[in-house]
Amino acid sequence: MQGWLFALGSLAVLAGLFFAGRARALATVGGNTSGLHSTPGYHGFYLVIWAALPAVVLFVTWGLISRFVTDAYVAGQLGDAFAAIPEAQRGAFLRAARSLVAGAAFGEVTDLTRQGADAYRTFAEVTGTIVNAFALLLAVSGLGWGWTRIAPRLRARQFVERTVMWLLIAASGVAIITTIGIVLSLIFESLQFFARVNFFDFLFGLHWSPQSAYESITWEATDRNSEVFGAIPVFVGTLLITTIAIAVAAPVGLMSAIYLSDYASKATRAFAKPILEILAGIPTVVYGFFAALTVAPFFRSSGESFGLTVSSESALAAGMVMGIMIIPFVSSLSDDVINAVPQSLRDGSAGLGATKSETIRKVVLPAALPGIVSALMLAISRAIGETMIVVMAAGLAANMTINPLEAVTTVTVQIVTLLTGDSEFDSAKTLSAFALGLMLFCVTLLLNVIALRVIQKYREQYD
Amino acid sequence: MTEIAADPMPQSAIHTSESARARLAARYRTERVFRFLGQAAIGVSVAFLALLLTTVVIQGVPAFTYNFASLDFDLSSERLGGPDEISKADFDGIVRDAIRGEFPQVTGRTPRRLLGGLISSGAPVLLRERLVGDPSLVGSSGRVSVPVSDFADLYLKGQITGSEYRDFTSPIVLEASGDGSTYTVTADQAVFGDVLELVKQRLLADAAALRQRAEGQARSQARIQSDIVGFESRLSAAEDAAESAGLTARLEQARANLDSVTAEIARLEADAADREARAGSAVSGEPMTDEDPSLLIYAADGVIRATHITATTVEGEAMLPVADPGSLVGNGWRLRILDVPESNRKFSDQEIVWTDTLVDRGEVASAFNWIFFSKGASREPEMAGVWGAVVGSTLTLVVTLALSFPLGVAAAIYLQEFAPKNRITTLIEVNINNLAAVPSIVFGLLGLAVFLNFFEFDRSAPYVGGMVLGLMTLPTIIIASRVSLGAVPPSIREAALGIGASRLQTVVHHVLPLALPGILTGTIIGMARALGETAPLLMIGMVAFIVDIPGSFSDPATVLPVQIFMWADFPEAAFQHRTSAAIIVLLGFLIVMNALAVIMRWRFERRW
């Protein structure tokens, strides 16, 4: 509640400042706006920026560095007792102390932890007061400075527009910061994992069973750990399901696109395109539920009637449903490229006596091939990264096989199961999920980049 | 001249000869097949969508109604205490007494517990909530509606078993046994013949299963025999005493095994033969086990469940007391066969009879399932609702919108209108395109590592979920906004610049309002995508079991797709219905949002 009141109150104050600045600007020219360089509204914004921006910058900066400063202070306060804690556990100790302040104890609580929590609490209170007071001081002095500067000759518009431009640039920077954040966090956690498990054992190992990983308080990488974190079975499972999905999606999606662009009547197009858009818009958890509840048992029972043993979590069921989910994706991307082939090529082919299918097979598709290949690569990237369908319909045990009737597991399933359990954050198990996530990110990024390059390099320029 | 006339246009043979016509027909056939394949491809998508939607709707619609029992509860103030003590009163006891009051003849601990199981275990909770919320109800008479148990509800919706009814007017005689616990029904015609047939068929099936087991045992018998032969030959070739002693011991063991297996086979075959004999005999009676379809006889206000049957008589126990045994002439009676045997269902015959009685008394009726739309998660299927997830989704989406819309539009404005065409701008654009294609689970990992681990925000809180989804939706909004801004023709910008506007004024006052419909369409579509996202929220912990409806942005919450994911794991049949109903709710929201986007695009977007 307090947060809401504070936010609303601040907005009200800023609105008041806007009107005050505006009024002052008008007052300096006695109501005649033609004497002002910028319209009065800009003077209002000028005042608001001078009052609010320094305080906001202070709050943001303090929010980012407060953790480090407080940690250093607490370490200093506890002195020798803190230095006695081994390096690897200091992070956990500080986290436990912080959580004690918040109320719920997380991790080991000793007297030292309580001392640390007290130090945290007092420091947080003191610095909180100091920072708030300083922010208020900045706001008031900024207000005063802006107030005195309001004059007819003040270039308020330039100032406001330059500030807004920097804010726009900062907004664009958020996207970069997000990517940097993803890469850094994945790499950071993965490096912690590779400190415990050899990178090549992870990448080329043949046995994946993290549930039997050896955990110890002192985090020594043991040979046992190197044996259970071999990711090849997981990669093989992912490839198997992706292959089945693309085997379903590529022909159906491509033929749908061809039919819709070259054969279908307007009525058919008006009916089929929304259907494909609806298929694209259905959440993947619904697909997963359908796969687990209807498709997998259907394959199981029909397999039994043919005498085959089909697992109830077969790769075939998950792959097929995933393929159907990707059909609209392939179809819409292929549709775009096929429509981009100019009509003159089709006309020329028809003029030579080719049937429509021959035109498509021999003229249009080769011309659109780079785009179609790139669409398929994007579809593969989508299939590899898909989570919910496989979590609900595919298995959990790593099984290295290419038999689609058996249960396999994929990278995304492993990430979910390793991170939604109740294990500690720093254990080798949870860190392996980050290593898998890093692999996933790199592979999908590579596929997207290659898809883009394929389009750029091989795209035909038609006049 | 003659040479030319003697050679009549040789090229035409390429087009008119037999082989030419065959080639042409083949090409047309290929064309037809190709066209058909295109139609089939579209048909696959349409068929799958139809299958998915019908499955979900058929499974989910039953969950929108629920059966409620209106019972007479003792809400007197002696039972409940004063206004401050209401919440501590024994509501379990009140509910128990109410249902026992419906069937006062039920005695004994186990039958009474079975009777109590007809009403949902959440009924005392609901009753408490009602009375605490409205203390004026204390001492009032009249009935209160409470939900029945999940299996009773499934039965009333026909999901537990089907029934076949047969009405008769021919007389039967009802005789009670000495202690009144069993009854014998005697008819003068072979009215129970078909049911007897069903029992005999079940006997034959049992016999077949026994014979299969006997075959399996015969195989292991053969194996043991070959082992024995092997041991004997090795024994005869043994050289020292130790080896022959060991082999002798194992030989003894194998012989003992052989004996027991042979005995087992004999037993199995005897059982099978016995069952086949009983099935084959024409007139003998059979006991009815719980693996047979249940036979109930409704006569003289009572219900008798058959435990032994011949073609003309039935012996059974009373599910409901018979008014007075005696001959029935001119009084109809009815026979009911329950298709699913009692051992295959979770709702017994006695419970079925009680439930039907309550329905006949008018005390159980189907009504709109308000519990589903107003409660949060629960272990009991009948008390589980989606409202908690809906509120959680709303809170999360508000944060997502508040984060991604301003940032996305601002970034798009900068990149489209102001950014110079240099390497940094290209880098940002490539970056945004790549972010749009990153799998959503990676954003979940980002949220886990940065928001939960580094910043130590609250787990399972909507504001953290909103931030993760906001970062995920940001590239989509940026791309859609850039497209809309780019679609505004340069003439608008040039006109504004021409009358003296600055570049920022041009964009904010002239270009942005014209691009706004497209931007809003893209935003709504982005929000619809975020509503359906599950994987990133699983990573940041919004998968907890949330019973209370979240009240603020930092209360633990869950979202609708995650709730569907969690319920899909529960095995009870009632939860399957609720999962499908939750999917219907989710699809309903998505339809509304997408329809809004389509309407907006249709009405407001201008084609330049």
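Start at E456(B): at 25% relative accessibility it counts as partly exposed (buried is under 20% relative accessible area, exposed over 50%, partly exposed in between, with a 1.4 Å probe and protein chains only). You are looking at a predicted model, in which local features need pLDDT of at least 70, side-chain atom pairs count only at pLDDT 80 or more, and totals for chains, interfaces and linings use all residues. Residues are numbered from 1 along each chain as its sequence is written, chains are lettered from A and ligands numbered from 1 in the order in which they are written, and side-chain values use heavy atoms, with hydrogens and water left out.

**The loop between α15 and α16 of chain B**

E456(B) sits in the loop between α15 and α16 of chain B; helices here are DSSP runs of H or I with at least four residues, strands are runs of E with at least two, and both are numbered from the N terminus. Check its backbone: phi is near 55°, a positive value in a residue other than glycine. Most residues other than glycine have a negative phi.

Now pick S460(B), which is in the loop between α15 and α16 of chain B. S460(B) is not a glycine, yet its phi is positive, about 60°. Is S460(B) buried or exposed? It is buried, with a relative accessible area of 8%.

Then select F457(B), in the loop between α15 (440-454) and α16 (462-487). Its relative accessible area is 29%, so it is partly exposed. Leaving aside neighbours within four places in sequence, F457(B) is in contact (heavy atoms within 4.5 Å) with F451(B), L452(B), Y463(B), V464(B) and M467(B). Draw a C-alpha to C-alpha line from F457(B) to L445(B): the two are twelve residues apart in sequence and 14 Å apart in space.

**Aromatic rings**

Next, show the Phe, Tyr and Trp side chains. Rings of these residues (for Trp, its six-membered ring) pair if their centres lie within 6.5 Å; planes under 30 degrees apart count as stacked, over 60 as edge-to-face and the rest as tilted. By this rule the count comes to 38 aromatic pairs over all chains. Zoom to W50(A) and W145(A), an edge-to-face pair with 6.3 Å centre to centre and 75° between the planes. This pair links distant parts of the chain, with W50(A) in helix α2 (residues 40-78) and W145(A) in helix α5 (residues 111-149) of chain A, 95 residues apart. W50(A) counts as partly exposed at 26% relative accessibility, and W145(A) counts as partly exposed at 44%.

Hop over to F64(B) and F372(B): the ring centres are 6.4 Å apart and the planes are at 85°, so this pair is edge-to-face. F64(B) lies in the loop between α3 (18-60) and β1 (65-71) of chain B and F372(B) in helix α12 (residues 370-374), so the pair ties together parts that are 308 residues apart in sequence. F64(B) is buried, and F372(B) is buried too.

For a group of rings, select F193(A), F194(A), F199(A), F200(A), F202(A), F204(A), W208(A) and F229(A), which ring pairs link into a cluster.

Look for a charge over a ring (NZ of Lys or CZ of Arg within 6 Å of the ring centre and within 35 degrees of the ring normal). The charged end of K356(A) sits over the ring of Y263(A), 5.0 Å from its centre. R382(A) has its charged end over the ring of F329(A), 5.7 Å from the centre.

D262(A) is found in helix α9 of chain A and counts as buried at 15% relative accessibility. Its side chain makes a polar contact with the side chain of R346(A) at 3.2 Å (a pair of N or O atoms within 3.5 Å; within protein, one must be able to donate a hydrogen and the other to accept it, and residues adjacent in sequence count only if both atoms are side-chain atoms).

**Where A meets B**

Finally, bring up both chains: 79 residues of chain A are in contact with 69 residues of chain B. Select R27(B) and E358(A), whose side chains meet in a salt bridge (2.7 Å, N to O); the term means a side-chain nitrogen of Lys or Arg within 4 Å of a carboxyl oxygen of Asp or Glu.
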